[in-house]
Structures are given as C-alpha cells and as structure tokens.
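Here are a few exercises to work through with the model on your screen. Try each task yourself, then go through the solution.

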Number of protein chains: 2
Amino acid sequence: MIAEEQRAWAYLSRVTEPPCPQLGALVDECGPVRAAELVRRGEVPDRLRDVTAARRDLDCAAADLELLARRGGRLITADDEEWPQLAFTGFGATAMRDRPRGSVPLVLWAVGPARLDEVAWRSAAIVGTRAATSYGEHVASDWAAALVEREVAVVSGGAYGIDGAAHRAALAGSGTTVAVLAGGIDVLYPAGHSALLHRIATSGLLVSEYPPGVRPARHRFLTRNRLVAAISGATVVVEAGLRSGAANTAAWAAAMGRVVCAVPGPVTSTASAGCHQLLRRGAELVTRPQEVLEIVGRMGELADDPQHPVSPLDDLSDVERTVYEALPGRGGATLGQIAVAAAMPAQQVLGPLTMLEIAGLIEQRDGQWRIARLQRKPTSGADRSV
Amino acid sequence: MIAEEQRAWAYLSRVTEPPCPQLGALVDECGPVRAAELVRRGEVPDRLRDVTAARRDLDCAAADLELLARRGGRLITADDEEWPQLAFTGFGATAMRDRPRGSVPLVLWAVGPARLDEVAWRSAAIVGTRAATSYGEHVASDWAAALVEREVAVVSGGAYGIDGAAHRAALAGSGTTVAVLAGGIDVLYPAGHSALLHRIATSGLLVSEYPPGVRPARHRFLTRNRLVAAISGATVVVEAGLRSGAANTAAWAAAMGRVVCAVPGPVTSTASAGCHQLLRRGAELVTRPQEVLEIVGRMGELADDPQHPVSPLDDLSDVERTVYEALPGRGGATLGQIAVAAAMPAQQVLGPLTMLEIAGLIEQRDGQWRIARLQRKPTSGADRSV
C-alpha cells in the first residue's frame with residue numbers, strides 16, 4: 001500500500017511541469033493513488049487534462065523510486081512528518097494567488113540526513129550572483145560559518161559564486177546546509193559543483209520538486225527560488241547584479257512575508273547593484289551575521305552592539321567639555337585665560353575645572369591648569385568630528 | 001555709518017562663543033550698533049551678561065576687519081542680500097529649540113567670489129571620514145566632479161580624506177566649492193590643506209562664523225557641521241566610521257528636514273560602518289551622483305535609469321518562454337518531443353513555436369525546431385537566474 005502511494009506520488013510528480021495547483025487540488029480531494037488513476041485515464045477537469053495530456057502515458061515511477069532508493073533518498077510529501085507545513089503556508093498569500101509557480105509543491109525529492117522541517121525551523125538563505133567578487137565570496141563564507149556555528153541551517157541554490165561559498169563554509173563548519181535544485185536530484189548542476197553537491201547530500205540535504213533526469217532550465221530556476229525562500233526564515237542577498245535570480249528569490253521571500261536582507265557593497269561594483277536596488281526598495285540592510293541570527297533565531301537572541309570607539313571625554317557635560325577644550329594643547333593656562341577662551345565668567349569655570357581634575361583629565365600646577373599627560377588632547381576628538 | 005555697523009558686527013561675533021541665541025535676539029531687537037553698545041556696558045539680561053562677561057572688554061573689531069579686507073573677504077549678515085535666509089529657516093524647527101548650537105549664525109566671515117545665497121540654492125554637501133579608503137576618495141572625487149558639471153556647488157568641511165577629495169575634484173572641474181571652517185578664516189586647518197583652502201578662497205568660498213584667529217576645537221567642529229548641512233540641499237555621507245562628524249552633519253541635516261544620503265560600502269570596511277548605520281536609520285541609499293542631482297536639482301531633473309542587461313527573451317510571454325526552453329540545447333526536436341518537454345498539449349505548442357520563429361529565436365527545418373544559430377541557448381538565462 002505504501003509502495004503504491006509512493007509510486008502514485010512519483011507518477012504525479014512527473015505528469016506535468018510543477019507546480020500545478022490543479023493537480024494539488026485533485027490530490028487534496030482524493031489522495032495520490034486515486035488522483036494518479038484519474039489523471040492516467042484523462043478523467044479530470046479540462047485544464048488539468050490539457051497540462052497532463054503529453055505525459056500521462058509516461059510512467060517511470062518505479063524506475064525513479066529505484067534511483068532515489070539507490071541514492072539513499074526519500075520522497076517528502078504533505079503526508080510526511082517532515083513536511084514543513086508552516087514554511088509553505090506563505091504561498092497562500094494573496095500576492096501569490098494568480099501565480100501558479102507560487103503554489104505549494106506536490107512532492108519533494110530529497111537526499112541527505114537533514115530533516116526538512118527542522119531546517120525550516122531555523123534557517124537562512126544565503127544567495128547571490130554567480131559572478132561573485134572576492135568580497136562577496138568572503139562575506140558569504142564568513143556569514144555561513146557564523147550562522148551554522150549558532151545552529152542555523154544555510155539554504156542556497158548550489159550555484160557557482162555566492163551559493164557555493166555559502167554551502168562550502170557551512171560544510172567546513174560541520175553545519176547543516178541545504179541545496180535546492182532546479183532539476184532532478186541526479187542531475188548535479190553545475191557540473192563543476194558535483195563533488196560539492198555530493199557532500200551536501202551526505203551531510204545536509206539536496207532537495208528538488210523535479211523528478212530524476214529533469215534538466216535545469218531558466219523557468220525552473222525561477223520556480224526553484226520560491227522554495228529557497230520558503231524554507232528559509234530570512235533570505236540574505238550577498239551580491240547580485242541588477243538582473244539576478246537572487247533578486248527573484250528576494251521577491252518570493254517578500255511576497256511570503258519573509259524578511260529580505262541585503263548586504264551593501266561598493267557602489268562601484270556591479271555585483272552589488274542588485275543589493276542596493278533591493279535596499280532602496282525596503283530590504284533590510286545587514287552588516288553582520290548576528291543581525292541575521294536576530295531575525296531567524298529564537299526570541300531574545302539579540303545581536304551584540306557593534307563596538308564603538310570610546311573616549312574618556314564621552315561622559316563630560318557640555319560645560320565641562322567647553323572648559324576642557326578651552327585648555328591649550330600644550331602648556332598650562334590660568335583661570336582667567338581659560339574663562340576668556342571658554343567665553344564663560346571666571347566663577348563658572350572653577351567648578352568644571354575641579355570635576356575634570358577629579359576625573360584625571362587635567363592637572364593643576366602652580367596656579368595653572370593643563371591637559372593631563374596620559375590623556376590625548378581633544379584634537380583627537382576634533383579630528384574625529386571632521 | 002556702514003563702517004560703524006561692520007565694527008559692531010565684528011565685535012559681536014567675538015564677544016561670546018557662537019552661536020548665541022540671546023545675542024541674536026538682542027540684535028534682532030535693536031540692531032547691531034546698539035546691541036554692541038549694550039553688551040559692552042553690561043546692560044543686557046543676566047544670561048547674556050554672563051556669557052559676554054569674559055570678552056566684552058576685548059575689542060579687536062577694527063583689526064579683524066582689516067585682516068578680512070586684506071584677504072579680500074567680507075562679512076555676511078542678515079542685512080545682506082547674500083544672506084541665505086531660506087537655508088537658515090530650518091534652525092527654527094522644534095527639534096532645535098533646546099539646542100543653542102542649532103541657532104542661526106549671527107555673522108559669517110567669508111572669503112571668495114562665490115555668493116552664499118546662490119550656493120545654497122543648488123548645492124550638496126559631500127562629507128565623510130578623514131580616515132577615508134581609496135574607495136571613499138574615489139567616490140567623493142567622482143561624484144563631486146559629476147555634480148559641479150551639472151552646476152551643483154559642493155560644500156564640505158575642508159578636512160583630510162573625503163572632504164578634501166570632494167573639494168579637489170570640484171576645483172579640478174572648475175566648479176564652485178565651499179569650505180565651512182571650524183575656526184577663523186585665517187586659521188587654515190588642517191595645515192596640510194592650507195594650499196587647498198587658499199585655492200577655495202580664490203575660486204569658491206571659505207566661510208566661518210568664528211572671527212579671525214579662533215582655533216578649531218571639537219565643539220566648534222560639531223557647531224560648524226550644522227552650517228554645512230544648512231547651506232546644502234542634501235548631505236551625502238560617503239564614508240564614515242561609527243562615531244564620526246559626518247554622522248553629526250547628517251543628524252543636523254535630518255533635523256532641518258534636509259535629505260540625508262549615504263553611500264554604501266563593503267561591510268568589511270569600518271570606514272563604511274557609519275554609512276550603514278545611517279541607512280538602517282532611514283538615510284537615502286545613493287549609488288550614483290545623478291541620484292543626488294535628482295534631490296538637489298530643479299524639478300524634473302531626473303536621473304537616467306541605470307542600464308539593465310537586456311535579452312531578446314525578455315519580451316516573451318510565459319507560454320512562449322516555456323516552449324522555447326523545452327527545445328534542446330543542441331540539435332532539433334519534433335513538435336511531439338517539444339510538447340512532452342514543455343508538458344503542454346501538442347496543439348497548444350504550435351502557436352508559440354510560430355511566434356518564436358517570427359521573432360527569429362528558433363528555426364524550423366525538416367519538421368524539427370531548433371534554437372536559431374545566432375541566439376545563445378537559454379543557459380545564459382538560466383545562469384543569470386542562479
């Protein structure tokens with residue numbers, strides 16, 4: 001019985017180009033086995049019959065499942081515990097209604113030890129252009145390493161450039177990484193990443209809604225991108241040109257109510273132009289992986305404040321600061337000289353001078369005040385403020 | 001009489017640390033000559049008497065004016081046509097009420113041929129850290145050059161780093177550039193920029209609210225920054241650390257209702273950290289000088305759209321694209337094969353195939369369709385979307 005269901009799912013996965021909301025509705029109504037039977041016989045509504053007509057007599061379910069088993073993989077469907085129900089509810093959003101590619105997937109082909117529902121619970125997509133610069137690859141690696149260290153799964157598309165750097169760093173950090181493919185799980189694309197994708201299949205998860213043998217094509221990358229966004233708590237675009245798949249993934253994430261983050265870069269770099277465009281359109285500007293963790297992590301996992309330079313002058317009141325800055329850079333000054341320099345009555349200068357002396361910032365000697373030796377003169381403050 | 005007024009203005013400019021709203025109010029009430037007389041005699045309200053007590057007997061007005069005249073300079077006050085009234089109305093904003101440093105200046109000491117009111121009408125501040133990177137200096141130069149080419153005056157603070165790069169590029173482009181100083185117009189600070197500041201005084205404008213001889217100090221830089229923001233239609237922060245005067249200038253600009261722009265940079269660069277902080281707090285992300293022009297220019301001066309890569313596939317409908325991508329990368333395919341690959345009924349494939357053939361994207365030969373030779377296979381599209 002289970003075998004029959006599995007064969008039905010596998011058959012349905014190939015009978016039309018996924019995702020197909022009509023097919024999903026039919027399966028919801030009468031289950032996969034009955035749905036497969038009706039499709040095979042052509043006893044389905046017109047629209048569904050049209051899109052299944054070309055492939056309904058093509059049944060490679062048994063062979064597909066055998067290939068999947070040989071690779072130690074599994075089907076993940078809405079019947080399984082592993083199905084990340086919550087991740088896919090975003091597809092119900094109004095913005096998606098008229099976009100069939102935004103539909104919930106019917107079947108996912110998966111290879112790897114990571115559980116998809118656990119991944120979706122605590123994950124970030126790190127995506128970007130294939131034409132990454134060393135800056136982009138550095139950020140992708142660095143952030144992926146930092147995220148897996150905090151047990152956040154790193155999701156990406158397995159491509160060259162940013163995606164590859166993110167996957168590799170996640171693997172290097174013994175973290176969980178997920179590659180969502182735009183073709184069958186046996187079509188390791190790009191070819192130069194087949195070793196990388198094999199490693200992901202061994203320790204993380206390879207996942208695709210396409211049955212074995214299906215080759216990636218432009219529309220499949222775009223369709224795949226919605227799954228990257230769906231199973232990720234936030235989508236981080238590290239580098240992207242003005243037209244890029246990463247921007248498409250970001251659009252999916254936004255439509256599903258996920259947080260879209262973009263990493264800024266030099267305005268002179270075309271590889272960052274897409275990020276800047278996203279930022280101008282409201283994406284979250286992120287500069288540290290901790291900020292991503294704050295978004296995808298549990299409540300209360302807050303990023304540390306970035307380190308600010310501090311100065312002993314920070315805590316001075318305005319009056320104290322004015323008096324301090326009225327002191328000469330070298331040598332000492334009398335009370336009267338300080339009062340003139342500070343444009344304050346002499347009797348109002350003494351109090352602040354005493355406070356500054358207590359704070360160790362100035363010294364009094366022979367009736368003159370001077371900047372204390374161990375402190376730097378406020379030129380440092382002045383310089384900083386230029 | 002005019003000489004008497006000038007002497008009064010010069011005396012008032014030094015009698016207390018500017019800006020001093022109480023002094024401004026007194027001058028508004030009874031004019032500079034009478035105000036100077038009252039201050040000198042101590043016949044002023046308590047608060048004003050306190051802040052003028054230390055310097056009221058110190059009258060170097062004649063010497064100051066002589067020095068100014070020798071340098072070919074002038075005083076600019078609210079009595080002059082050149083006074084940029086509109087630029088200073090921002091100081092009336094509520095946010096400034098309790099901040100005396102946000103007050104309208106009383107007197108401006110100026111040297112140079114540019115008219116301050118004309119500058120304020122069409123200008124942008126380009127500011128940033130002294131510790132600029134080559135990236136920041138490149139952007140500052142490039143943008144300053146582009147702005148002066150469109151007759152936008154470039155305002156800055158004369159400092160090392162970003163400020164200097166902006167001033168220099170503006171001069172190189174024979175444009176107008178204004179340096180607002182934090183000390184007297186005869187105290188060319190920093191010393192390494194004295195030649196640069198001399199050139200600005202010759203072709204642009206040096207301006208300060210401090211009388212001759214006053215040395216820059218931390219609080220004067222902060223006070224000066226409000227004037228940079230005030231006389232600029234927008235403030236562009238090119239590079240800034242987390243604590244920087246540029247962020248202070250930006251805060252003044254925001255408080256006055258001016259547009260604050262920040263240039264993003266690498267997240268790995270501390271010189272861009274302040275820009276990213278400003279962007280997270282709502283500053284406008286700018287990537288091209290044209291975007292600044294759009295803000296400070298006349299209505300209708302719009303930035304060109306950035307160039308997007310284009311592809312002949314852009315104009316295809318979804319169905320046409322699906323059919324196009326169902327064609328093999330090499331060799332041809334029959335109508336039936338294409339229908340299976342596209343998961344569409346054969347009779348629905350023919351229309352799109354014909355449209356694609358008309359568009360020159362595919363060719364039909366011997367009952368087979370193939371990608372037209374001069375076109376690249378959509379792997380380019382697929383790649384782009386990874």
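**Exercise 1.** Which backbone oxygen lies 2.7 Å from a polar atom of the side chain of B:Ser156? Then look at what surrounds B:Ser156.

*Solution.* A word on the ground rules: this is a predicted model, where local features need pLDDT of at least 70 and side-chain atom pairs count only at pLDDT 80 or more, while totals for chains, interfaces and linings use all residues. Residues are numbered from 1 along each chain as its sequence is written, chains are lettered from A and ligands numbered from 1 in the order in which they are written, and side-chain values use heavy atoms, with hydrogens and water left out.

- Step 1: find B:Ser156 in strand S4 (residues 153-156) of chain B.
- Step 2: the oxygen you want belongs to B:Ile126.
- Step 3: list the contacts (heavy atoms within 4.5 Å). Leaving aside neighbours within four places in sequence, B:Ser156 touches several residues, including B:Val127, B:His167 and B:Val228.
- Step 4: check the accessibility. B:Ser156 has a relative accessible area of 0%, so it is buried (under 20%; exposed is over 50%, partly exposed in between, with a 1.4 Å probe and protein chains only).

**Exercise 2.** Work out how the rings of B:Tyr189 and B:Phe221 are arranged.

*Solution.* 

- Step 1: search the whole structure for aromatic pairs (Phe, Tyr or Trp rings, the six-membered one for Trp, with centres within 6.5 Å).
- Step 2: for B:Tyr189 and B:Phe221, the ring centres are 5.8 Å apart and the planes sit at 55°. That makes the pair tilted, because stacked needs planes under 30 degrees apart and edge-to-face over 60.
- Step 3: B:Tyr189 is in the loop between strand S5 (177-180) and helix H9 (194-203) of chain B, and B:Phe221 is in helix H10 (residues 218-230), so the pair ties together parts 32 residues apart in sequence.
- Step 4: compare accessibility. B:Tyr189 is partly exposed at 26%, whereas B:Phe221 is buried at 3%.

Helices (H or I, at least four residues) and strands (E, at least two) are DSSP runs, numbered from the N terminus.

**Exercise 3.** Describe how chain A meets chain B.

*Solution.* 

- Step 1: count residues in the contact: 68 from chain A and 67 from chain B.
- Step 2: count salt bridges (Lys or Arg side-chain nitrogen within 4 Å of an Asp or Glu carboxyl oxygen). There are two between the chains.
- Step 3: look at B:Arg280 and A:Glu291, whose side chains form a salt bridge at 2.8 Å, N to O.

How values were computed:
Polar contact = N/O pair within 3.5 Å; in protein donor to acceptor, adjacent residues only side chain to side chain.
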